[in-house]
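Thanks for coming, everyone. I'll keep this brisk. Please look at the screen.

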Amino acid sequence: MTLEHRYDVVIVGSGAAGIALALTLGDACSVAILSKGEITDGSTVRAQGGIAAAMDDDDSVESHIRDTMVAGDGLCDAAAVHFVATNASAAIHWLVAQGVKFNGVAGKFHLTREGGHSKRRILHAEDATGLVLANALSTKLHASGATIFTNYVALNLVKQRDRCVGLYALNTKNNCVETFHGKFVVLATGGASKVYLYSTNPDCASGDGIAMAATLGAKIANMEFNQFHPTCLYHPRDRSFLISEAVRGEGGILLLPNGDRFMHRFDERLELAPRDIVARAIDFEMKRLGIECVYLNISHRSAKFVRKHFPNIYRRCFDLGLDITKESIPVVPAAHYTCGGVAVDHHGRTTIDGLYAIGEVACSGLHGANRMASNSLLECLVYGRSAGADILTKLAMVSQATTIPAWSEQRVISANGAAAIQRSWLEIRTLMWNYVGIVRSNARLAMAWERLLLLKSEIRECYDKFEVEKNLIELRNLVAVAELMVTAATVRKENRGLHYNIDNLTAP
């Protein structure tokens, strides 16, 4: 018999967006928050740089809006950008009230600068802002009235009479599927960068929320725009460690193996150009020269400065045999952020009644064709709080579904599909990296599409045949997200931001 749970609000995901929502709801209703792993296992803890907000006398909300619009290459939703930028200061003060301690003295924040920003407006906690934020918010969450379910993987959303009324989730501790009823269901599941072979994201970033929402019929937008962070550490013992953009913001320069700079050939903003431009420049130089990486150098700053501003990056690199106060850091681009996702309004409402999406899983219109650095945590907070406020106004008007059909595994004929799942997982990620990566072409997209159709059929057979488990769910979601990305990239016949097709350069 399927175990059933009933809550007013069911939140899927325990990063900055999900917890901000839960804390906004407070004790006004019953709240369940589902985490695929432990509470702090997601992408939030990996956010090194910080949070963008116009907090300095020399800065303005209007400047933040302009920079965001420029970085988004003309495809940002102006209303969404205005909404986030004007709510940034309130979000920062809310974080401080939750116990988040940013760098600064005498009540004045220390602000740094990152790519795409014309001003210093990045608040940070050393070079581990996401970790500090996650620890503070999770402490508040544990003290709240929310019920926390760790090690649960969302399986399928449930819709009745055109409204989302709950979901099925796999309890990975006992491999049993359980049912969650909710007046409101909120997706805060993060992005889909694990669809690529090389990524800065944790393994949980498999596009679960996007895939489930698409299956339910929600509108999905901008999936051709996947951001590749220019500077992921290139080292055999750590292939996913991010070298924060703040390193370039504090004077770090990009070098070829012979020590020559190269960014001046691509953009007048040099290393502080938006991420899409820097990533393509590095990709171009690596292919032109046949090299495995380029180098990021901050050693011209004092050793004291480097260790003070980037203590975690310094320690991690030092543990791997690199002293960044004396030598350059080998770096390569890697998939980093999903700018597209489930289309939402200013309150995180999707096109399905009762279903919300906040954070990286959503497409709010803020990022357009390219996310500007440090706008992501800000988006999580602004939309998490906005969604919570909206839900509170609707609770009394919604009745809960009385029945959701029990989950059935009658089709299962085999308990172990691990080998087949692993083969398909690797093939999808390799395929997407080679054919739908930083630089694309019509021929590569067509080849990716043909192979994805076969993989989709094979994975569907696995899903029907094998006992449901975490890796199989993620594999099903990965191929769904890959299909959405290839479709969107094929349809867009212009180069914008993160979408760069060499055939569009010669199109009439």
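Which residue in S7 is the bridge partner of Leu111? It is Leu123. One caution before I go on: this is a predicted model.

Let's stay with that pairing. Strand S7 covers residues 122-123. S6 and S7 pair in the antiparallel sense, over two bridges. They belong to an open sheet of three strands, in the order S3-S7-S6, with antiparallel pairing. The edge strands are S3, at 51-52, and S6, at 111-112. Each of these edge strands pairs on one side only. As a reminder, strands of a sheet pair through backbone hydrogen bonds, either parallel or antiparallel.

Follow the chain out of S7. The loop between S7 and H5 holds Glu126. Glu126 is not a glycine, yet its phi is positive, about 50 degrees. Is Glu126 buried, exposed or partly exposed? Its relative accessible area is 32%, so Glu126 is partly exposed.

There is another residue of this kind. Arg161 has a positive phi near 50 degrees, and it too is a residue other than glycine. Where does Arg161 lie? In the loop between strand S9, 152-160, and strand S10, 163-171. Arg161 has a relative accessibility of 80%, so it counts as exposed.

Next, helix packing. H5 spans residues 129-142, and it packs with H1, residues 16-25. The angle is about 35 degrees, and the axes are 10 Å apart. H1 passes H5 in a left-handed crossing. Which residues meet there? From H1, we have Ala16, Ile19, Ala22 and Leu23. From H5, we have Leu133, Leu137, Ser138, Lys140 and Leu141. By type, that contact divides into seven nonpolar residues, one polar and one charged.

Now the other helix pair. H2, residues 61-71, packs with H3, residues 78-86. Here the angle is about 140 degrees, with axes 9 Å apart. H2 passes H3 in a right-handed crossing. On the H2 side, the contact uses Val61, His64, Ile65, Thr68 and Met69. On the H3 side, they meet Ala78, Val81, His82, Ala85 and Thr86. The types here are six nonpolar, four polar and no charged.

On to buried positions. Take Leu34, in strand S2, residues 31-35. Leu34 has a relative accessible area of 2%. Buried means under 20%, so Leu34 is buried. What does Leu34 touch, leaving aside residues up to four places away in sequence? The list includes Val10, Ile11, Val12, Gly13 and Ser14. Phe149, Tyr152, Leu167, Ala169 and Phe180 are also among its contacts. Val382 is 348 residues from Leu34 along the chain. The C-alpha atoms of those two are separated by 21 Å.

Last stop, strand S13, residues 226-233. How many of its eight residues are buried? Eight of the eight, so S13 is largely enclosed by the rest of the structure. S13 is joined by six bridges to strand S16, residues 329-338. The two strands run antiparallel. One of the paired positions is Phe228, whose bridge partner in S16 is Ala335.

That's my tour. Over to you.

Notes: Residues numbered from 1 in each chain as written. Predicted model: local features only at pLDDT ≥ 70, side-chain atom pairs only at ≥ 80, totals over all residues. Heavy atoms only, no water. Axes fitted to C-alpha atoms, helices over the stretch in contact; angles between N-to-C directions. Helix = DSSP H or I, 4+ residues; strand = E, 2+ residues; numbered from the N terminus. Left-handed = near helix turned anticlockwise from the far one by under 90°. Contact = heavy atoms within 4.5 Å. Nonpolar A, V, L, I, M, F, W, Y, C, P; charged D, E, K, R; others polar. Pairing = 2+ DSSP bridges. Buried < 20%, exposed > 50% of the residue type's maximum accessible area, 1.4 Å probe, protein only.
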